[in-house]
Amino acid sequence: MGLSGVIRSMNTAAKCAGTACLLLLFAAPSLAQQSVPANEAPASQPSAAANLITLRKAIDTGHPADALQRIQDLRKSGDQPGLSRLEGLAQYALNDLKAADTAFAAALVADPSDTESAQMRGLTLFRLGRPADAIPLLESAAAKGSLGKADPNYILALCYMDTRRYDDARHAFAAQFGFPPDSAAAYLAAARMLLRREFVPVSQTFAQKSLELDPTLPLAHELLGEIALAGNHLDDAIAEFQKEKARNPLEGSIYDRLGDAYTRAARYDDAQRSLQAALLLEPNATGPYILLGKTMLKKGDAVAAATYLERANQLDPSNYITHSLLGQAYRAMGRSDEASRETATAQRLQAATEPRLDAPH
């Protein structure tokens, strides 16, 4: 995969046949099966290792609550090595992060070399909003090359960003993608992720550094254009997108972003030309259709706007912006009932995407 593909791509298990399967796995042996010599373990009595395998399978196939109950039953006869780690995995699957943290901490007390528990506790602490506490655990897992539910380098980089250790974050992203840590590609990858988490000034500095190291680096000017667009510096954004277009003349996303900048700058003819070019290159991308609908509304052509927006709605019916703009287009065409329907749909979809105070974190 080329660098541009890697940067752009930086934009969860099969179900068990049912609880009955799990109950069969946990079923008690029959009396006939228990007829074995006194000095041997019953053939049907699962070993400690078999118990762990069964529990792990239950968790990985979507039955963490059943696994927790089995863990409690097993602990009645004394704790076993590995149970705390599995308890942590089950609690994590149930999104009980505090209980998962407690279990993973216990697993590490019992076995400090437990790499999976270290990685999972680091991930749990990150999700609990404790990135500084997560870093040593994730550093240890990353150093051992462990790969579990998430790449430790990625979560480690996020922790570094949240603790303002930006160069360390760059090194972690470089390790994830296999770039030299101080290369132009590493700076650009970190800049993209920093912008995603709204560390805008540092993102801009890193993107500029990537161009100093490699003036021909693909997508660096696009990222600088995105940064300028986010700050509403429209002339700067257009200039950066034009530079990127000169280097990547068949990259559809550049024309899309350039069209957005032109629309915001009220250069509607330029926006239309750029967005139509984007559609030629990426005919199934929703964004250019929506932006063309918006542009044509600005130009007073409601019929053309509706045509583009109807196509966008076919591609993605759940986008509230499309429905909102369609409402405007239909209203301008005198189609009041359809306009009211689209406006109501837009309001319903937008409300569904807004965060709630009682939402799980």
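Visitor: Let's start with phenylalanine 179: buried or exposed?

Guide: Phenylalanine 179 has a relative accessible area of 17%, so it is buried. The classes are buried under 20%, exposed over 50% and partly exposed in between, with a 1.4 Å probe and protein chains only. This is a predicted model: local features need pLDDT of at least 70, side-chain atom pairs count only at pLDDT 80 or more, and totals for chains, interfaces and linings use all residues. Residues are numbered from 1 along each chain as its sequence is written, and side-chain values use heavy atoms, leaving out hydrogens and water.

Visitor: Thanks. How many aromatic pairs does the structure hold?

Guide: There are 4 aromatic pairs in the structure. Rings of Phe, Tyr and Trp (its six-membered ring) pair with centres within 6.5 Å; planes under 30 degrees apart are stacked, over 60 edge-to-face, the rest tilted. One of them joins tyrosine 166 and phenylalanine 199: with centres 5.8 Å apart and planes at 65°, this pair is edge-to-face.

Visitor: Where in the chain are tyrosine 166 and phenylalanine 199?

Guide: They sit in distant parts of the chain, 33 residues apart: tyrosine 166 in helix α10 (residues 166–177), phenylalanine 199 in the loop between α11 and α12 (200–213). Helices here are DSSP runs (H or I, at least four residues; strands are E, at least two), numbered from the N terminus. Tyrosine 166 and phenylalanine 199 are both buried.

Visitor: And what kind of pair do phenylalanine 177 and phenylalanine 179 make?

Guide: That pair is stacked, because the ring centres are 6.0 Å apart and the planes are at 20°. Phenylalanine 177 counts as partly exposed, at 28% relative accessibility.

Visitor: Zooming out, how many helices and strands are there?

Guide: The secondary structure comes to 20 helices and 0 strands. The protein has 361 residues, and 43% of them count as buried.

Visitor: Which residues touch the most other members of the largest nonpolar core?

Guide: Met161 and Phe206 do, in a core of 55 residues. Helix α11 (residues 184–196) gives this core its largest share, 8 residues. Another core lies apart from it, with 18 residues, including Met296, Ala305, Ala312 and Leu326. A core is a set of buried Ala, Val, Leu, Ile, Met, Phe, Trp, Tyr and Cys residues joined through side-chain atoms within 4.5 Å.

Visitor: What does methionine 161 touch?

Guide: Leaving out residues up to four places away in sequence, methionine 161 touches Tyr166, Ala169, Phe173, Met193, Leu194, Arg197 and Phe199. Contact means heavy atoms within 4.5 Å. Met161 is also one of the buried residues of α9, along with Pro152, Asn153 and Ile155, among others.

Visitor: Why call helix α9 largely enclosed?

Guide: Because 9 of the 11 residues of helix α9 (residues 152–162) are buried. Their cover includes α7 (115–127), α8 (131–143), α10 and α11. Just after α9, arginine 164 takes a positive phi of about 65°.

Visitor: Changing topic: how many salt bridges?

Guide: The count is 24 salt bridges, each being a side-chain nitrogen of Lys or Arg within 4 Å of a carboxyl oxygen of Asp or Glu. One of them pairs aspartate 101 with arginine 130, at 3.8 Å from N to O. The two are 29 residues apart, aspartate 101 being in helix α6 (residues 97–110) and arginine 130 in the loop between α7 and α8. Aspartate 101 is buried at 10%, while arginine 130 is partly exposed at 35%.

Visitor: What does aspartate 167 pair with?

Guide: Aspartate 167 forms a salt bridge with arginine 170, the closest N and O atoms lying 2.9 Å apart. They are 3 residues apart in helix α10, so about one helical turn separates them. Aspartate 167 is partly exposed at 41% relative accessibility, whereas arginine 170 is buried at 3%.

Visitor: Which residues form a network of salt bridges?

Guide: Arg56, Asp60, Arg85, Asp114 and Glu116 are linked that way.

Visitor: Last one: glutamate 222, buried or exposed?

Guide: Glutamate 222 counts as buried, at 6% relative accessibility. This residue is in helix α13 (residues 220–230). Apart from neighbours within four places in sequence, glutamate 222 is in contact with Arg192, Phe241, Glu244, Ser253, Ile254 and Arg257.
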